[in-house]
Each structure stands twice: as C-alpha cells, then as structure tokens.
Amino acid sequence: MKVELTVNGKEISADVEDRLLLVHFLRDVADLTATNVGCETTSCGACTVLLDGESVKSCTVLAAQADGRSVTTLEGLAADGQMHAVQEAFHQEHGLQCGFCTPGMVMAIVSLLKENPSPTEAEVRTGLEGNICRCTGYHNIVRAALAAAEAGK
Amino acid sequence: MIPPAFTYVRATSVDEALGLAAEHGEDAKYLAGGHSLLPLMKLRFAAPDVLIDLGRIPGLAYVRDEGTYVAIGALTRHHDVANAALLASDVPLLAHAAEAVGDPQIRHRGTIGGSVAHGDAASDLPATLLALDASFVIRGQDGTRTVPATDFFRGIFETALEPGELLTEIQVPKPASPAAWGFQKFTKRAIDWAIVGVAVQGQAVALVNMGSTPLRATAVENALASGASIADAAALAAEGTSAGSDIHASKAYREHLARVLVKRALEDAAARS
Amino acid sequence: MSILGTRVIRTEDPRLLTAGGIYVDDLREAELAGAVRATFVRATVAHALITGIDKSEALAQPGVVAVLTAADMTDLPPSEPPGGEVPGPDEPPAEGPVPLGGKWAEPLLAVDRVRFVGEPVAIVLTDSTYQGEDAAELVSVDYEVLPPVTTIDGALAGDSLLFPDAGTNICVKGGRDIGDDSVFDGCDVVVEGDIVNQRVACLPMEGRATAAAFSGGKLTVWASTQNAQLARLIFTAIGLPPDAIRVVAPDVGGGFGAKIGVDREQIVVAWAAKHTGRPVRWVETRNENLMAMTQGRAQLHHIKIGGDRDGKIKAYRLDVIQDAGAFPRMSGFLPMLTNLMAPGVYDIPAVQADYKVVVTNTAPIAAYRGAGRPEAAATIERAVDWFAAAAGLDPAEVRKANFIQPDQFPFVTKAGAPYDTGEYEAALEKVLGAADYASLRADQQRRREAGETKQLGLGLASYVEITAADGGAGETAKVEVHDDGTATLYTGSSAHGQGHHTAFAMILQNETGIPMDKIEVIHGDTDLVPDGVGTYASRSLQLGGSAVHKAAIEVKEEAAKNAAALFEAAEADVVLDADTGTWHIAGDPDKSLTWAQVAEHADGGLIVANVRFTADRPTFPFGTHLSVVEVDTETGKVTLLRHITADDAGPVLNPVLMEGQRHGGIAQGAAQALCEEVLYDADGNPLTSTLADYAAITAAELPSFELLTSETPTPVNPLGVKGIGEAGTIGSTPAVHNAVIDAVSYLGIRHIDMPLTPERVWTAISEAQKASAK
C-alpha cells in the first residue's frame with residue numbers, strides 16, 4: 001500500500017508492505033538509521049520517535065498507522081546546526097556510552113519534558129521505565145534530562 | 001519480530017468498520033492503538049489475514065460528563081484518560097490506573113477500548129472498570145447493546161464481544177465518594193505487568209491477575225458490607241480466585257500478595273475519604 | 001597544565017547524538033549493496049538428534065536465495081582447536097579463554113545433534129528481512145529428543161551425556177586439592193554452605209550482527225566485535241589466510257565480554273558470503289540474543305570459612321562448579337579466575353580453591369563483565385558476613401580485622417594472585433564516613449524496635465579484582481604526526497562505548513601538545529590496525545593507553561632529531577613545550593618550530609612511531625561499596641535507596657569516563673543481585689528469552705549513585721593506572737546482596753540466593769516467622 005509520512009519535516013511517500021513497521025520505514029525507506037531496533041516485545045525503547053510530537057515505540061506502530069502523520073527522529077532534532085537542549089545535555093553530562101539506546105532515550109526525554117517541563121528525579125526515572133540502557137546505569141541520563149529541563153527554563 | 005503478512009484496511013466510520021469485519025469474517029481483527037495486538041502478531045502468536053484500522057474513525061476519543069456517569073470513547077488513549085481533568089475530579093481511580101499502564105510511549109498509543117476488548121486479566125484497566133461497575137457500549141451490525149463489566153470478561157482473552165462487534169464507549173458511573181479509591185500494582189520492576197493488582201472504589205474491590213479474568217473480590221466485599229474491619233476483610237482476598245504460577249510468582253505468593261494489597265488499597269481509600 | 005585528570009567530555013558524542021551511531025545494520029557500504037539477509041533456523045528442543053531437515057517449503061518462498069545447513073559446508077578446512085591441542089586426561093587442565101575443542105568441539109551449524117534451544121541449525125538467505133522470517137519458519141527439522149541436562153546436579157549425575165564420546169559431562173577440573181580439613185582445626189567459628197551465582201544475560205543493547213562480502217578472493221567482514229584482529233583470526237576457519245580477510249568493527253552497541261572475537265553464526269555468515277558470492281548481512285533479534293548469545297556467571301559455590309571469635313579469619317575453602325552451557329567456550333578460564341581471586345582483599349593464611357566445569361543443555365557461558373571475578377567477590381563477601389554474624393561481630397569490623405595492609409604490598413595471596421597496591425581499609429572508611437554508617441545503623445535499629453513494615457538493610461562489599469590479566473599480550477599504538485600539524489593515532493584497543501578516542505587523545509595531547517581537536521583516533525579496522533589485542537578485561541587504559549604514551553615518547557624522540565637538524569643545534573638542547581605544542585632550543589624561547597614544521601622535515605613528511613606496550617603482570621583495582629536497601633517485609637520487595645562506592649583504579653585520567661564506567665557496572669551488578677536471571681524449564685526450554693520476561697533493570701529501579709574516589713597508583717605501567725571497567729559490577733553485587741540479608745537478619749535469616757526477587761525474600765521472611773512462632 002502507498003503511505004506518505006512527514007519525517008523530520010520532509011514528505012516521504014512509498015509503496016510498502018502492509019505489515020511494514022514504522023521503525024523499518026524510517027530506517028530502510030527514509031534511510032534514517034539513527035533509530036534502532038532493540039527487541040521484539042515493545043520493551044526496550046530503542047526505537048522511540050515522536051509521532052505528532054509524542055513519544056511512541058516505532059516498532060509497535062505500522063507505517064500504515066502513521067500515514068499522513070508527522071514523525072520526528074533523532075536526526076530531526078538539531079536545528080540550524082545547533083543541538084537540541086536534550087542532545088547538548090547528553091553531551092555535557094556524559095549521558096551516552098555505546099550510543100545504541102541513545103536516540104530512543106533522547107526522544108523519550110524530549111517528549112517527557114514537553115509534557116512535564118520541570119520533572120523531579122523520580123518522575124524522570126519513572127518516565128524512562130520503558131527505555132533500557134546497558135552501559136550508563138542511567139545516572140548520567142537522568143542528570144542530562146534534569147539539565148535539559150533546567151536549560152529550558 | 002515481524003508479523004506474518006496481512007492486508008491492512010482502514011475504516012473511517014463505525015459502520016464502515018462493522019461492514020469490513022462482516023466482509024472478512026474471522027480472518028480479520030480490529031486494530032486500535034495496536035499495543036495489545038501488534039506485540040502478539042510480532043511474536044507470531046496471532047496471525048489475522050486482515051487488520052481493520054479504527055484509528056481514523058472520528059468521534060470515538062472523548063471523556064464526557066454525562067451527569068451520573070462519565071462517557072469515555074473507546075479510542076481514548078491511556079495518556080488522555082490519565083490526564084483528563086474530569087476523571088481527576090470525578091473518578092480519580094480510573095485516571096490513576098490509566099497512568100499505571102505500561103510506559104509513556106505505550107500510553108501515547110494504547111486505548112482504553114483496546115485494552116478492554118483484549119480482555120487480559122493481567123491488565124490494569126479491566127479490573128479497574130470492574131471495580132467501578134462500568135458498562136461497555138457495543139455496536140454490531142444488528143444494533144447497539146450495553147454490557148456491564150461484571151458480565152463482560154468471560155475467560156482468558158475472552159469477552160462478551162461477538163465476532164465483528166465493536167466496543168465504542170465505556171460508561172463509568174461517578175462514584176458517590178470519588179476520593180475513596182485505592183490502587184495497588186505489585187511488580188518486580190516498574191515496567192512489568194502486575195504480578196497482582198488491586199483496584200478499590202469505596203467497598204468495591206477488584207483483582208488484577210488472580211484468575212482467567214479480572215475478578216471482584218466478593219468475599220472481601222461481603223465481609224466489609226457486614227462490618228468487618230479492613231484487616232479481617234482483606235484476609236479473604238484470595239477466596240474465589242485461581243491465580244497462576246509462572247516465572248514471576250507462584251500461586252501461593254500471589255494469594256499472599258492479594259491479601260496484603262487489598263488491605264493496603266482499602267486503607268488508602270479510607271485515608272483519602 | 002596537564003589535561004590528564006580533568007573532566008573532558010567526549011569527542012565521540014556529537015556524531016552519535018546528531019546522526020546516530022553506525023552499527024552493522026546501519027552500514028551502507030558499496031560492497032554491501034544488494035546484500036542478502038540471513039535468518040537462522042534454530043533448535044527448538046534442548047537436546048536431540050537431528051533426523052532430518054526439509055528445506056523444500058522454505059525454498060519455494062518468495063525472495064529465498066538459499067537455505068544452507070552443515071551438509072552444505074563441505075568446503076571448510078579441517079578445524080583445529082584454536083588453543084592448540086586438547087590436553088589429555090593426565091595433563092594440566094586447559095585454562096586459556098579458548099574453546100576446549102576436541103571431544104567437546106562445537107560445530108558451526110549443528111551437524112547431527114543439537115545441544116541447546118537456540119543452537120543454529122540452518123541459515124536462510126533472502127532478499128529482505130521480512131522474507132527471511134517467513135521462510136525460516138518453514139524449514140522443517142525433525143528431532144529425536146534426548147533427555148535434557150538442565151542443572152549442575154543433572155550434569156554431575158551423568159545420566160544423559162551431551163558428548164557421549166567424552167563419557168562424562170565434566171569437561172575440566174582444576175585448582176588445588178581442597179580436602180584437607182585440618183586448616184579449620186582450632187577455629188572458634190566455622191560456617192559452611194552453598195552460594196549460587198546465577199546465570200545472567202549479557203544483554204548489550206545491540207545484539208550480535210555481522211555483514212560479509214567476498215570478492216576477488218578477499219573477504220571483508222563488518223562485525224559487532226570487541227576485537228577485529230581476533231575476529232580476523234577466527235574467520236580463517238572458513239579457509240582463507242588472515243591477509244585475505246579484512247575485519248571492520250563499526251560502531252558497536254555494547255559488548256560486556258560477549259563480543260570478544262565473533263560467534264559461530266558470524267563465521268557461518270562469512271562462509272555464506274564466500275559460498276554464494278553474495279554479500280550477506282545478519283542482525284540477530286533480541287529473542288535470538290537472549291537464547292543464543294553467550295551468557296554469564298552460572299557458578300555454584302560450596303564454601304567453608306573459619307576463624308577466631310575476635311574476628312580473624314584463618315581458613316577459607318571455595319569449591320566452584322561452573323556450568324559452561326552446552327559447549328565449553330572458555331575451558332576452565334572463568335572458574336580459574338574465580339579461584340585466583342577467592343580470598344579477595346583479605347589476608348587469609350589458608351586458602352583452598354578448586355573447580356569443575358560441566359556442560360548442560362543451555363546457552364554457552366563465556367565472559368560477562370568481570371568474567372569469573374564477580375563470582376569470587378560475591379562469595380567471599382557473603383562468607384565474611386556469614387562469619388561476622390556467626391561470631392556476633394559487625395561486618396565492617398571483621399573486614400578491617402582481615403584486610404591486607406598497605407605495607408604488605410606487593411602481596412601474593414594464598415590463592416596465588418600477585419596484588420600490586422591497595423589501600424583497602426581507607427576505601428572502607430571513606431564509604432562508612434560518607435554514608436554516616438552509625439546513623440544508618442541507628443535508623444535500622446529504630447525501625448526494628450518500632451516493628452516497621454519497611455526495614456532497612458546495610459550491605460558492605462570490599463573487593464579487589466584482577467585487570468589486564470593478559471598484560472603480556474599488551475596493546476599496540478601507532479602515532480603519525482603529519483606535516484600539517486595534525487596527528488593520527490591507531491590503537492589496537494576497540495571501544496564499544498568506553499570513550500577511548502577521548503582518553504587516548506588526551507594522553508597524546510598531554511605528551512605532545514598537539515591539541516585533541518587535531519588528533520584523529522582510528523581503531524577496529526584490520527587494514528588500518530593489523531595488529532591489536534582489543535578491549536576486554538579492563539585492559540584498555542593501562543595497556544592501550546600506555547601504548548599511546550610509549551608511541552608519544554618515541555614520536556617526540558624522532559621529532560627532537562628533526563627539530564635539532566632544523567635548529568642546527570644538538571638534540572640534547574632541543575625541548576618541547578607540551579603546553580603549546582612547540583619545539584625550542586633550551587633557554588631560547590624566541591625561536592620555535594611547530595609540529596607541522598618538524599614533521600615536514602622528516603622522511604616523507606611524516607613522523608611515525610609504531611609500538612606495542614606489554615606489562616609483565618596484571619593490576620588490581622579495589623574498593624568498597626555500601627548499599628542501603630529497604631525491604632517491605634509484607635511483600636519481600638526490595639528498594640535500593642542508596643549505593644555509595646569508593647573505587648580505586650589508580651590515577652584518574654578523565655573523571656567523566658571513569659564515573660560512567662562505574663555507574664554502568666553498578667547497575668549491572670545490582671541487577672544481578674535484585675532481579676536478573678536466565679531461566680530454563682525442566683526440558684531446557686528458555687523461559688526468559690524476551691525482554692518482557694528477562695528482568696533487565698531500568699532507571700526506575702535505581703537511585704543515583706554516590707561515588708568517592710581514591711587514586712592508589714600501580715608501578716606496573718608508566719601511567720600508574722589500573723582498569724575500572726568491571727570493578728563497579730564486582731563490588732556492587734555483594735553489597736546489594738549483603739544489604740538485603742542484613743535487612744532481614746533480625747528475623748534469623750542467614751542467606752537468600754540471588755536474585756533477591758520479592759518472592760524469594762518473602763519466602764525467607766515467611767519461613768523465618770513460622771520458625772520463630774514455634
């Protein structure tokens with residue numbers, strides 16, 4: 001079937017299998033490989049992107065369901081060569097090591113801060129219950145989220 | 001990881017959805033938020049030939065004040081149920097339970113109707129709606145009927161929905177004392193399904209994951225009604241249940257948890273009211 | 001001012017944060033255009049003979065290019081055990097981290113039998129991934145089921161043998177004779193018991209992945225590996241010499257030991273590329289990863305500890321049984337290290353340690369963050385708490401009474417480990433002070449007296465661990481200074497999140513004054529770095545970093561010669577100002593040369609140093625962790641409230657990177673204590689092969705950590721550094737474990753095995769309450 005999505009501000013249309021997952025549309029059709037697949041059970045959050053501005057796990061959304069909608073991936077966050085506050089905070093706070101969970105983690109935090117601009121540490125931690133990281137122990141990811149919140153004030 | 005091939009069709013109205021379901025028969029399944037169905041399909045535990053996407057049907061996502069009850073459209077997402085001001089004031093138990101479902105990403109997609117129709121005894125909302133004595137409005141090609149929650153959940157992933165029928169609205173009577181609520185979801189990790197959960201509204205007590213369907217803890221309720229203390233009533237929490245044993249918990253432990261969590265939920269409800 | 005020791009954020013980050021890393025599945029190399037996707041057909045039973053494979057239905061599916069089994073792999077050279085000959089029964093046991101081979105040899109694709117659920121049986125090549133999953137489902141394998149061996153007890157009983165030719169399931173024995181009980185004579189207090197160190201999954205967020213292309217007689221493989229050079233050696237198994245193979249490690253999404261070299265599926269992928277002439281890409285699913293990637297730990301310990309009533313430990317016995325899974329991938333290496341580190345930080349006069357390795361019908365075990373040492377620390381730290389409880393002494397005081405003292409270093413333990421330096425008591429005191437231990441104990445006491453539902457537990461773990469155990473293999477570094485003043489640094493280390501590019505550039509800048517933003521660091525490509533050892537065993541800073549340091553010195557020597565010629569001065573009079581990166585004649589600051597000018601003068605306009613740094617012994621970082629937990633005594637649920645650590649791995653090169661390694665280690669170690677476990681049912685079916693079932697720890701279960709640091713250098717390398725990568729994991733597991741037991745010890749509970757799930761804790765509480773009611 002034919003789908004047309006706006007991805008990072010650009011319209012992309014393609015003829016795809018009905019069962020194509022949004023994450024594979026992004027990676028293989030839109031050629032945006034930052035978003036990663038980390039599991040099959042909607043558990044790890046590595047595939048998190050924004051769908052109409054809200055965080056979703058793109059492995060559990062069909063491209064067809066996102067037809068006509070707007071998707072933002074990590075690659076679409078920086079504007080005019082300037083990193084988004086969350087990206088900058090990850091850099092300053094050493095919020096990433098191997099980087100595999102990072103795109104999903106960043107997008108989850110962007111969405112979290114949009115809905116809760118001044119979260120407590122506990123709210124950040126609970127808000128990231130659906131994003132698994134194996135390298136960082138989450139300590140600096142939480143610091144990055146709080147730093148980004150602070151920067152947004 | 002990838003669902004088997006299927007045909008995707010999109011409904012733009014309830015009638016169209018019902019028609020598509022009738023046309024494709026048992027080869028078709030409805031798709032709402034997809035966060036109950038797609039995970040099963042990705043593991044190839046479910047393999048419908050046709051998916052009827054309900055996501056574009058207008059007018060099925062709302063939280064409305066209907067005087068004595070709150071009407072919630074079946075396609076209302078958990079996120080919106082959790083954040084509805086009307087529910088925060090009039091049915092805080094439901095708002096709280098919706099906030100406990102999954103994680104933020106899941107709550108942005110999953111719908112209350114999808115969760116109810118999926119009929120998983122381990123889900124938070126079916127038991128919560130059972131405790132609230134909710135009713136479910138069901139549309140079929142023959143017309144509309146309303147089924148109370150107490151009659152809706154029939155067995156493991158089995159509900160009162162006949163093939164092709166579509167859940168359109170959840171009606172939640174406003175509790176006499178909205179603040180008298182308690183909700184306990186016991187997990188190993190925050191993201192896990194409830195090992196055991198409890199939803200309390202007043203003296204109504206419902207259990208998550210203590211049987212093949214969400215259950216009312218009738219022994220507890222009867223004890224409370226006859227004046228028993230919370231502690232004495234909660235001790236009966238496991239009666240009439242058929243908890244399972246799995247890698248997360250044994251039956252005996254679940255029964256113990258039910259007693260502890262019912263007590264805590266009832267105490268919270270009492271403290272709030 | 002030296003940049004070493006300062007907080008420098010990572011040069012790796014901007015690319016990773018804006019474009020995302022390029023992992024194997026992201027590669028868009030020209031050589032991989034038109035690559036077919038590989039999907040493996042895997043064993044669905046744990047132990048069985050293969051009686052037939054029917055590919056016909058799969059072959060008829062759209063997009064299927066080939067379905068290949070062991071029967072198709074006729075063009076392989078005969079396999080040799082990579083470690084050399086398999087020792088005979090009377091020879092010393094194999095203790096190198098290599099597969100045992102011989103009677104215990106592991107095939108690439110299963111030949112006549114399968115030995116664990118998930119073992120690869122066939123490879124299906126299709127145009128697309130989606131087609132691969134469809135087709136693989138249709139490959140039909142017939143099995144004649146054999147009785148599965150799923151526990152250590154079952155393995156020892158020997159009723160069902162995984163390798164009938166071997167006549168036993170015990171594949172390696174080692175250590176010393178531990179039978180002499182006289183070492184416990186005269187001990188006032190003796191405690192004995194079993195401790196389980198449960199099987200866990202390594203769970204890097206990127207699973208195993210490989211892409212291979214064969215063209216013009218040359219094989220190029222992109223592999224998610226911790227060492228491309230070792231991977232290249234392994235790929236020779238398909239019948240090509242090393243110089244016909246290029247291995248490239250792109251960005252690697254975590255390894256933790258499970259990506260040392262490459263796995264059998266990756267060899268099959270490389271073979272398939274050669275066999276079909278098509279490039280092939282394989283990216284495993286999480287399900288495959290949790291079933292078939294090597295797993296960690298899985299040891300059963302029987303211990304005995306004895307000492308005086310005043311707290312002095314006199315004897316310790318450790319008997320280890322290592323479950324190797326279906327194939328002994330690392331021979332006796334892991335339990336050998338457990339034996340080596342058995343006594344931990346304590347000066348115990350009599351230490352007995354031995355081990356056996358058994359095979360079971362489960363996923364093969366290999367290195368996982370700590371690789372044999374967490375097991376040693378987890379057990380000695382429980383043993384010390386057992387001893388303290390039996391003697392009625394505070395666990396902190398018992399530790400202090402038994403630490404190896406600073407003036408005893410270098411110290412060879414009775415287990416044979418040559419500890420270099422340590423300040424064990426200082427680390428303990430640091431943590432106790434920062435945590436205000438006395439106040440925590442008071443809070444604990446108050447809660448106990450009040451009969452509160454939520455009880456407090458304090459857990460200590462003082463640990464020491466061995467890093468760069470293979471210091472003799474060393475590490476390589478090549479530095480090129482170009483005539484434009486930039487430098488290229490080639491390292492044999494292979495970062496997969498550790499930030500080596502930042503750390504090594506810091507070392508090079510510190511030595512030469514060439515600024516970091518003018519230094520390019522390259523690793524992981526055997527064409528560019530043909531000689532290298534890799535990243536594991538917490539070796540990279542001490543060996544790789546020391547190699548950079550050594551190369552920097554050589555490059556400076558070469559540069560000094562060229563500068564002297566340009567200045568027309570004596571070499572002895574030439575001096576480098578490392579702050580500005582300029583060359584001068586001593587006492588004459590007005591005349592200066594840049595690195596660019598000096599390099600331009602050199603042969604070919606390039607100054608090069610190509611070195612290997614080796615260390616003659618390993619190093620031993622150490623520390624103390626204190627864990628504070630709350631246990632809900634009605635449900636058994638444990639909440640980790642605080643985790644305070646003092647870790648010492650010598651001088652800290654970059655606190656940012658050092659903290660990150662500790663955080664990650666603490667989380668993984670706490671996860672083993674609290675929630676993670678790989679489970680199989682009685683038939684050997686995996687029960688935790690999805691992330692919905694395997695309880696990987698999340699941010700919601702953890703607090704922010706409190707890190708204290710001390711810096712006790714080692715004389716083993718010029719940087720004075722030890723390894724920090726695994727230390728966090730080693731110290732945290734026993735600290736959390738001890739904390740939970742401490743929380744419920746007032747009920748008479750002495751031990752609960754990990755993971756300390758709510759049900760396990762509640763069961764212990766419930767039984768203790770019943771026992772005391774009697």
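**View 1. Residues that join helices α2(A) and α5(A) in the predicted model.** From α2(A) come Ala85(A), Val86(A), Ala89(A), Phe90(A) and Gln92(A). They meet Ala144(A), Ala147(A), Ala148(A) and Ala151(A) of α5(A). By class, this contact holds eight nonpolar residues, one polar residue and no charged residues.

**View 2. Crossing of α2(A) and α5(A).** Helix α2 of chain A covers residues 85-92, and helix α5 of chain A covers residues 139-151. Their axes come within 8 Å. They cross at roughly 130°. That angle makes α2(A) oblique to α5(A). The crossing of α2(A) and α5(A) is right-handed.

**View 3. Packing of α16(C) against α17(C).** The axes of α16(C) and α17(C) lie 7 Å apart, at an angle of about 40°. Helix α17 of chain C spans residues 727-744. α16(C) passes α17(C) in a right-handed crossing. On α16(C), the contact residues are Gln661(C), Arg662(C), Gly664(C), Gly665(C), Ile666(C), Gln668(C), Gly669(C), Ala670(C), Gln672(C), Ala673(C) and Leu674(C). On α17(C), they are Ala727(C), Gly728(C), Thr729(C), Ile730(C), Gly731(C), Ser732(C), Thr733(C), Val736(C) and His737(C). The contact of α16(C) with α17(C) divides into seven nonpolar, 12 polar and one charged.

**View 4. Surroundings of Gly728(C).** Gly728(C) sits in helix α17 of chain C. Gly728(C) counts as buried because it has 31 C-beta neighbours inside 10 Å, and the cut-off for buried is 20 or more. Leaving aside residues up to four places away in sequence, Gly728(C) touches Asp647(C), Gln661(C), Arg662(C), Gly664(C), Gly665(C), Ile666(C) and Gly669(C). Arg662(C) is 66 residues from Gly728(C) along the chain. Their C-alpha atoms are separated by 4.8 Å.

**View 5. Contact between chain C and chain A.** Chain C gives 43 residues to the contact, and chain A gives 43 residues. On the side of chain C that touches chain A, at least two residues each come from α1 (13-18), α7 (286-292) and α16 (655-674) of chain C. α16(C) supplies the largest share of that side, six residues. By class, the side of chain C that touches chain A has 21 nonpolar, 16 polar and six charged residues.

Notes. Residues numbered from 1 in each chain as written. Chains lettered and ligands numbered in written order. Predicted model: local features only at pLDDT ≥ 70, side-chain atom pairs only at ≥ 80, totals over all residues. Contact = placed C-beta atoms within 7 Å. Helix = DSSP H or I, 4+ residues; strand = E, 2+ residues; numbered from the N terminus. Nonpolar A, V, L, I, M, F, W, Y, C, P; charged D, E, K, R; others polar. Axes fitted to C-alpha atoms, helices over the stretch in contact; angles between N-to-C directions. Parallel < 35°, antiparallel > 145°, perpendicular 65-115°, else oblique. Left-handed = near helix turned anticlockwise from the far one by under 90°. Buried ≥ 20, exposed ≤ 12 C-beta atoms within 10 Å, placed from the backbone.
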